Each structure stands twice: as C-alpha cells, then as structure tokens.
Amino acid sequence: MTGDTDRRATRGPRGIAVGDGSFKGEVVGESFYQDNLQRIDAALTARGEGREFAVDLVPDPNNPHDKHAVSVEMEGLMLGHIPRSYNWELLAAMDGQLGGRGPILVQARLVGGRGARSSIGLYLDITDDLEIVSTEK
C-alpha cells in the first residue's frame, strides 16, 4: 500500500465497468495481499455466497513503482493492481467516458486458495473494449 489513503475509493465509484462475464482481466501483485484475499474469501463463504464480488479500480498516482498504476481494492483493502500494460488503456477509458479518472466499480472473481493451489488469485470482468457507465448525474 502506498500510504496515500486519501485517494482511495472513499466517495464511491464514478462509474461501473460493463463486463461480458468472461473474467479475463488479470490482477497482479495478489501475492502481497493474500491476507486480505483470504479475509474476503472467508466472509463470502460464511455468507454462503459465491466467489464473485465488486471491487474498486482506483488510480494510484503515488505508487512508487508506476505513477500510472491502478489499484484493485475492496472496502479499503488493497488486493493488487491492474497490469502495467493495461494502465494507460484503463486510465484513457476513465478520462474519455467519465471526463476524469475513477474510481470505477467492476466485478471480480477469486480463484485458487483451495486444494492444491493454496494462494488466492483474482480476475476482473473487464474487456479490451471497456465500457464504463457513469454513476454521476
């Protein structure tokens, strides 16, 4: 986590990403946030829910590794980042379709963490031709 908690998704999403149900959007860095992913998995399981839930994609300009980073978060918990190769496309979609940058809400799916695969991964329901519906009036 970058320490800049003021820019986190505290005021709600500016838009909602429209996915196609394929959950092909990669998330990187999940290995650093396994405790957070395990907490989410346990909460979903306790409620009898599946492994799909909503996350916020939040521009992370103070990230020390990439000033164009986009973090993946849920209720203030860091879960990972969008791959660097997709940052520009995502930020451009936020600028073009929302008139400014995120956060945006997107569906996510947990994978692994059970059986032989003990670590938990995360995939997003976002497509190459990303469509974002504004939540602002």
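Which side chain makes a polar contact with the side chain of Asp66? I looked this up and found Asn87, at 2.8 Å; a polar contact is a pair of N or O atoms within 3.5 Å, where within protein one must be able to donate a hydrogen and the other to accept it, and residues adjacent in sequence count only if both atoms are side-chain atoms.

A note on what I am reading: this is a predicted model, where local features need pLDDT of at least 70, side-chain atom pairs count only at pLDDT 80 or more, and totals for chains, interfaces and linings use all residues. Residues are numbered from 1 along each chain as its sequence is written, and side-chain values use heavy atoms, with hydrogens and water left out.

Entry on Asp66. I found Asp66 in the loop between β3 and β4 (strands are DSSP runs of E, at least two residues, numbered from the N terminus). Asp66 counts as buried because its relative accessibility is 12% (buried means under 20% relative accessible area, with a 1.4 Å probe and protein chains only). From Asp66 to Asn87 I count 21 residues in sequence, yet 9.6 Å in space, C-alpha to C-alpha.

Entry on β4. I checked residues 70-74 and saw that 5 of 5 are buried. Val70, Val72 and Met74 lie on one side, Ser71 and Glu73 on the other.

Entry on the neighbours. β3 (residues 52-59) runs antiparallel to β4, joined by 4 bridges; strands pair if DSSP finds at least two bridges between them. Val58 stands opposite Ser71, and Ser71 also stands opposite His81 in β5. I finished at the β4 and β5 hairpin, which has 2 residues between its strands, and noted a positive phi of about 45° for Glu75 in the turn.

Definitions and conventions:
Buried < 20%, exposed > 50% of the residue type's maximum accessible area, 1.4 Å probe, protein only.
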